[in-house]
Amino acid sequence: MSAQAGRSLDAQLAEELDVLSSQQLRRTLQPVAPIGKHIEIDGRRLLNLASNDYLGLAQHPAMIAAATGAAERYGVGAGASRLVTGTLALHAEVEQRFAAFKHAEAALLLPTGYTANLAVLSALARPGDLVCQDKLNHASLIDAARATGAGTRTYPHNETPKLERLLAAHAEGSPEGRRFIVTDSVFSMDGDCADLPALCAVADRYDAVLIVDEAHGTGVLGATGAGLAEYQGVAERVYRSGAGGVVVSTASKALGGLGGVVTGSRAVIETLINRARPLIYTTAVPPMQAAVIGQALTVLRDEPERRERLSALCHTARERLVSAGWPMPATQPPTPILPLVVGTAARALGLAEHLRSQGVLGVAIRPPTVAPGTARVRLTLRADLDDRELDAVVQAVGQPM
Ligand SMILES: Cc1ncc(COP(=O)(O)O)c(C=O)c1O
């Protein structure tokens, strides 16, 4: 009989949770109250450098008005799956606008970025295909590939020669199979970028489909905020319909709301509508959420100064932290994600606590979210940070120990 026999599930779980506590890896939910760029926790007001609301849109008056307007007009829920009666004219309109924003033929809204990634891979990849993922891809992409039945391989972070070897072997062994290259555009825990032109070239060489998760690029990078592909000059190749690119964006970061959006060719989107279980078997995005996404596109177009300010902050903050001795991944362009890597979970918690004592909220990121030995405090910049506040943040962070 196993050691677990006769013990209740609760007793077993309590023991497992105790192990996590002893390793300083236990997570808890902390209620907070956001107030603009600040956040109140346990009655203390802190500068919020722990959210992905890079442009400050979550509390933008026009965004709030869009949400309340949609609720008044359509109610608070869509009431059914997209394939039943859940598709409103509002969904179709926002999808059309998003497709235009991403230079794509068509777009599809899903409840979150996580489910959008599940939808794409589960609808497009089949047994016999090969899905190649950057090792540092977001968990949603890793989980999504596992669910497909396709062969899944990871390549070391941003190492295209290793990726090429995987693709070459598959092209030789299974010439009929589909090959997918899947990458984050901006890596969520390190803030560095993929080399999309290089990945496009590899995709062309091996007849592979490039799937790019622009969760942290959308709204932030590129002349219009379309993302990293726009910044790196490959928007046509990555976003354009028919060129083999599929892009996933999320409204939960720079766009200030919630909702995943897949853009690509009409054939890709039609296939998702027919095959993607995370779309078919779930209720449609609520009208408020769709309206907020549409409004975010308007704000991106009309208030480019938010993106410009954020970009200036990304340059300055990174330079100042590097001069203070913090190793930052070399990346072009600099992004709002600043990883302060300190090693152990205990040190990451200690640094986060120190920052809190200085009035700054940055969250400790520990394994398994990041590799053991690379625990960190992840700071994220926001466009509404002023120079004095940036000085205070740099001062509070100090130098690595
Ligand atoms: C790269 C990346 N992809 C996807 C997601 C999931 O997005 P969402 O929060 O909209 O589910 C996230 C955010 O957590 C992310 O960082």
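**Exercise 1. Divide the shell around the ligand into nonpolar, polar and charged residues.**

Solution. Start with the classes: Ala, Val, Leu, Ile, Met, Phe, Trp, Tyr, Cys and Pro count as nonpolar, Asp, Glu, Lys and Arg as charged, and the others, Gly among them, as polar. The shell then splits into two nonpolar, 10 polar and two charged residues. Next, find the nearest. Of the 14 residues around the ligand, these are Thr112, Gly113, His138, Ser188 and Ala215. A residue counts as near if its C-beta atom, placed from the backbone, lies within 6 Å of the molecule or strand. Last, helix H5 (residues 113-124) gives the largest share of the shell, three residues. Helices (H or I, at least four residues) and strands (E, at least two) are DSSP runs, numbered from the N terminus.

The model is predicted: local features need pLDDT of at least 70, side-chain atom pairs count only at pLDDT 80 or more, and totals for chains, interfaces and linings use all residues. Residues are numbered from 1 along each chain as its sequence is written.

**Exercise 2. Decide whether asparagine 158 is buried or exposed.**

Solution. Locate asparagine 158 in the loop between strand S6 (151-155) and helix H7 (160-173). Apply the cut-offs: buried means 20 or more other C-beta atoms within 10 Å of its own, exposed 12 or fewer, partly exposed in between, with C-beta atoms placed from the backbone. Asparagine 158 is buried because 20 other C-beta atoms lie within 10 Å. Its phi is near 60°, a positive value in a residue other than glycine.

**Exercise 3. State which peptide bond joins glutamine 332 and proline 333.**

Solution. The bond is cis, with omega about 0°. Proline 333 sits in the loop between helix H14 (304-323) and strand S11 (337-343).
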